[in-house]
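This briefing looks at charged side chains and how they pair. Please keep the sequence and the model at hand while reading.

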Amino acid sequence: MAQDIEHPKTLHGERAPSCSIVIFGAGGDLTKRLLMPALYNLARTNLLPDNFALIGVDRLEMSDLAFQNHVEEAVRAFAADKHYAQTLDESNLKRLLQSMSYLSADFADAASYQQLGEKLKQVQQSQQVSENVMFYLAVGARFFGGIVDHLGQSGLVGETNNFWRRVVVEKPFGHDLASAQTLNTQLRHSLAETQIYRMDHFLGKETVQNIMLMRFANGIFEPLWNRDHIDHVQITVAETVGVEKRAAFYETTGAMRDMVPNHVFQLLALTAMESPSSFDANAVRNEKTKVLNSVHRVNPATDAVRAQYSTGQRDGQALKAYRQEDGVAADSSTETYVAMKLGIDNWRWAGVPFYLRTGKAMSKRQSEIMIQFKRPPFSLFRNTATEALTPNGLVIKLQPDEGAMLTFGAKIPGPKIEIGQVKMDFHYKDYFQNAPSTGYETLIYDCMIGDATLFQRSDSVMAGWDIVKPLQEHWGQGSSQPIASYAAGSDGPAESDALLNTSQRSWRALS
Ligand code: BG6
């Protein structure tokens with residue numbers, strides 16, 4: 001098993017140290033849509049190292065030039081889509097493209113790794129790049145273990161004090177607790193924990209990072225952030241997209257594995273964790289893992305709902321049912337929506353329900369965290385029952401309309417005492433100019449500078465799988481549990497409303 005080695009730190013905002021990036025899956029969709037535009041953005045903002053090389057690795061045969069053209073096309077398409085094609089930084093784009101070469105390889109063949117080693121040496125010499133290397137696994141999960149084994153056997157991930165070797169692993173990290181543990185053990189044969197960067201792209205989103213800042217860089221929230229003041233918390237990740245062209249992946253994955261133990265639980269952890277002793281990677285990740293380990297065992301029969309979209313409509317347009325989508329079995333029982341109620345057994349949160357929901361083909365694309373505060377204990381206002389006072393809510397809006405909103409009651413002008421609901425509404429775009437980004441910029445940069453704060457440590461991955469284990473067992477293969485349904489373009493199934501209605505609560509409407 002490899003040992004942890006400390007490398008010199010680069011300060012945030014400084015150019016990353018000289019390194020090469022090797023992307024496995026260089027011909028794939030992730031590389032094209034997200035990684036390449038992100039690398040261009042890093043070049044444009046002077047964060048990419050001066051001495052840098054990129055080797056794209058994939059199965060298809062391609063010349064260096066064809067690969068560079070493919071990347072150029074991807075960056076230009078991204079720029080056009082984000083409406084800045086006119087202002088594209090041509091010289092940085094050119095520099096980036098010139099640093100790229102391509103290797104056609106069979107991920108399962110040892111000879112390919114020998115060729116990769118030679119190619120690395122060659123670019124390090126010809127482009128005066130240091131021996132630091134980031135291996136980015138932008139490939140299907142079934143390849144992760146095999147690629148890392150080969151990297152290990154061919155000596156490509158051995159570190160010294162003078163250079164680092166890091167491996168970025170995309171999600172999904174396993175498909176349940178046991179498989180995640182097996183994969184982890186396999187990776188640890190060749191890599192130290194500090195060399196493994198487990199990706200959760202939600203952590204690259206500015207607004208997700210802002211949850212911690214909002215909580216811990218302001219004095220007014222933390223005193224209220226506990227069971228004395230908070231009635232419940234809702235976490236919503238609603239998408240309008242259906243399964244699109246990903247049926248092969250989605251049919252065997254479903255909404256829960258795809259979204260919950262990773263993205264949704266990261267939001268849960270950031271909302272519920274204790275203050276870390278610093279923003280150091282281990283301090284933050286300790287707290288996140290601690291809170292996930294405090295989630296009490298979920299009862300699948302009473303505390304969770306899974307559902308699949310049926311036909312519906314949005315803006316007058318008819319929408320297909322999941323079972324009618326290309327590549328989906330006509331009798332598929334894969335869930336496209338999941339909701340659950342969780343409790344956290346610690347002094348801060350005991351008794352405060354956390355309701356989580358995520359789904360595809362819903363009425364709106366909306367990701368947010370809503371903190372609902374307790375009602376005032378009694379009403380001072382004659383003729384106004386306490387129950388009629390709407391509780392205060394703080395909504396952290398993650399996407400697409402990024403910001404935060406606080407709702408509260410105010411007097412409606414006039415001789416009568418009447419209370420109206422008003423809101424203070426902060427929109428990011430009103431304050432900060434943000435250049436179009438993919439969210440991967442921060443994560444690639446952080447890996448280059450060795451800051452693992454925004455990557456998942458193995459214990460937090462395992463904690464996530466452990467929470468959903470009872471649900472996976474209950475709903476698993478061959479299960480006779482029925483699946484609820486909801487109309488595509490709606491806010492989700494009635495069964496999910498019932499999860500809250502039993503305690504006189506309701507989901508915040510998607511709006
Ligand atoms: C991915 C899931 O991890 O996240 C997709 O596999 C999902 O199914 C996507 O659509 C959502 O990410 P974003 O950044 O579009 O909100």
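Arg198 has a relative accessibility of 2% and therefore counts as buried, and in this predicted model its side chain forms a salt bridge with Glu193, with the closest N and O atoms 2.9 Å apart. Glu193 is buried as well, since its relative accessible area is 16%, which is under the 20% cut-off for that class. A search of the whole structure finds 20 salt bridges, and some of the others are set out below.

**The pair Arg505 and Asp231**
- The side chains of Arg505 and Asp231 meet in a salt bridge, with a distance of 2.8 Å from N to O.
- Because Arg505 lies in the segment after helix H15 (494-501) and Asp231 lies in strand S7 (residues 230-238), this pair ties together parts that are 274 residues apart in sequence.
- Arg505 is buried, with a relative accessible area of 19%, whereas Asp231 counts as partly exposed at 21% relative accessibility.

**The pair Lys360 and Glu239**
- A salt bridge also joins the side chains of Lys360 and Glu239, where the distance from N to O is 2.7 Å.
- Lys360 sits in the loop between strand S12 (354-359) and strand S13 (366-373), and Glu239 in the loop between S7 and helix H8 (247-251), so the pair ties together parts that are 121 residues apart in sequence.
- Lys360 counts as buried, at 5% relative accessibility.

Technical notes: Residues numbered from 1 in each chain as written. Predicted model: local features only at pLDDT ≥ 70, side-chain atom pairs only at ≥ 80, totals over all residues. Heavy atoms only, no water. Salt bridge = Lys/Arg side-chain N within 4 Å of Asp/Glu carboxyl O. Buried < 20%, exposed > 50% of the residue type's maximum accessible area, 1.4 Å probe, protein only. Helix = DSSP H or I, 4+ residues; strand = E, 2+ residues; numbered from the N terminus.
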